[in-house]
Amino acid sequence: MTAMSHAPDATGLMPGLAAATSGLSKVYGRGDARVVALDQVSVGFREGEFTAIMGPSGSGKSTLMHCAAGLDSFSSGSVRIGDTELSTLNDRQLTQLRRDRIGFIFQAFNLLPTMTALENITLPMTIAGRRPDQAWLDRVVAMVGLSGRLGHRPSELSGGQQQRVAVARALVSQPSIVFGDEPTGNLDSRAGAEVLGFLRDSVRELGQTVVMVTHDPVAAGYADRVVFLADGRLVDEMVRPTAGRVLERMKGLQVGVG
């Protein structure tokens, strides 16, 4: 089984992929302390698709996301964002790539408390010395339902509203891909469903590419595709998932059925 379903073109690149890993491995420690977090993982994340990464605790799902997003180094293999190979970039180039081409949404909202919602949304572009496209900004803000809250500071917003700000911040620069690490982990079920709906809408209405790590089968049910990891290896994928089907597959992985 492989999740890399596209054939490479004459240049060796995978057409239609926003990001891809090939033979990706991540090893911590040496000798008796050696831990293989990722073991030869090859997976592609298609443009305009919502992909969820799932697996038991310790399966390597967060490590895969962190390596694919350029947040962590890897031991061997390849990671590409579009046609850019991350291993060829120095620290400055990697920082610029993350700033300009990748959006991030984390479990912690990571908002600056002294700034308004609007200032938090546009902060990455402000740091980069760029002005957001006003029409796009308006569209993103409307999609996440923040039009009446832009002047509020984080302390004046609910947890769900704060995560909407984080979603808008990830989308406003029109990145090549958005990575979410347990983005609904700190939210109640209603607020979590709203945020997941916004992420799904960003794919369907805005053409965004989203990759989300989650342990929640209900959250995975919002995705177009789920890839499953176990013991650092890619073991399965599911297209058009439902919460029930994902839960059954996860039960199998928990008892060691790859």
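**Entry 1: H5 and H6**

I looked up helix H5 (residues 159-171) and helix H6 in this predicted model, and their axes come within 9 Å and cross at roughly 20°. Helices here are DSSP runs of H or I with at least four residues, strands are runs of E with at least two, and both are numbered from the N terminus. The axes are lines fitted to C-alpha atoms, for helices over the stretch in contact, with angles from 0 to 180 degrees between N-to-C directions. H5 and H6 are therefore roughly parallel to each other (angles under 35 degrees count as such). I noted their crossing as right-handed (the near helix is turned clockwise from the far one by less than a right angle).

On the H5 side, I listed Gly160, Gln163, Arg164, Val167 and Leu171 in the contact. On the H6 side, I listed Ala191, Glu194, Val195, Phe198, Leu199, Ser202 and Leu206. Contact means heavy atoms within 4.5 Å. By class, I found seven nonpolar, three polar and two charged residues between H5 and H6. Ala, Val, Leu, Ile, Met, Phe, Trp, Tyr, Cys and Pro count as nonpolar, Asp, Glu, Lys and Arg as charged, and the others, Gly among them, as polar.

**Entry 2: H3 and H5**

Next I checked helix H3 (residues 117-127), whose axis comes within 7 Å of that of H5 and crosses at roughly 35°. This crossing of H3 and H5 is also right-handed. H3 contributes Ala117, Asn120, Ile121 and Pro124 to the contact, and H5 contributes Val165, Ala168 and Arg169. I counted five nonpolar residues here, one polar and one charged.

**Entry 3: cores**

I then looked up the largest nonpolar core, which has 47 residues. Such a core is a set of buried Ala, Val, Leu, Ile, Met, Phe, Trp, Tyr and Cys residues joined through side-chain atoms within 4.5 Å. Buried means under 20% relative accessible area, with a 1.4 Å probe and protein chains only. Phe50, Ile121, Val226, Phe228 and Val246 have the most contacts inside this core. Helix H6 (residues 189-206) supplies the largest share, seven residues. A second, separate core of 28 residues includes Phe45, Ile81, Leu86 and Val227.

**Entry 4: Ser25**

I placed Ser25 in strand E1 (residues 17-28). At 7% relative accessibility, Ser25 counts as buried.

**Entry 5: sources**

Residues are numbered from 1 along each chain as its sequence is written. In this predicted model, local features need pLDDT of at least 70 and side-chain atom pairs count only at pLDDT 80 or more, while totals for chains, interfaces and linings use all residues, and side-chain values use heavy atoms, leaving out hydrogens and water.

Notes: Buried means under 20% relative accessible area, exposed over 50%, partly exposed in between (1.4 Å probe, protein chains only). Angles under 35 degrees count as roughly parallel, over 145 as roughly antiparallel, 65 to 115 as roughly perpendicular and the rest as oblique.
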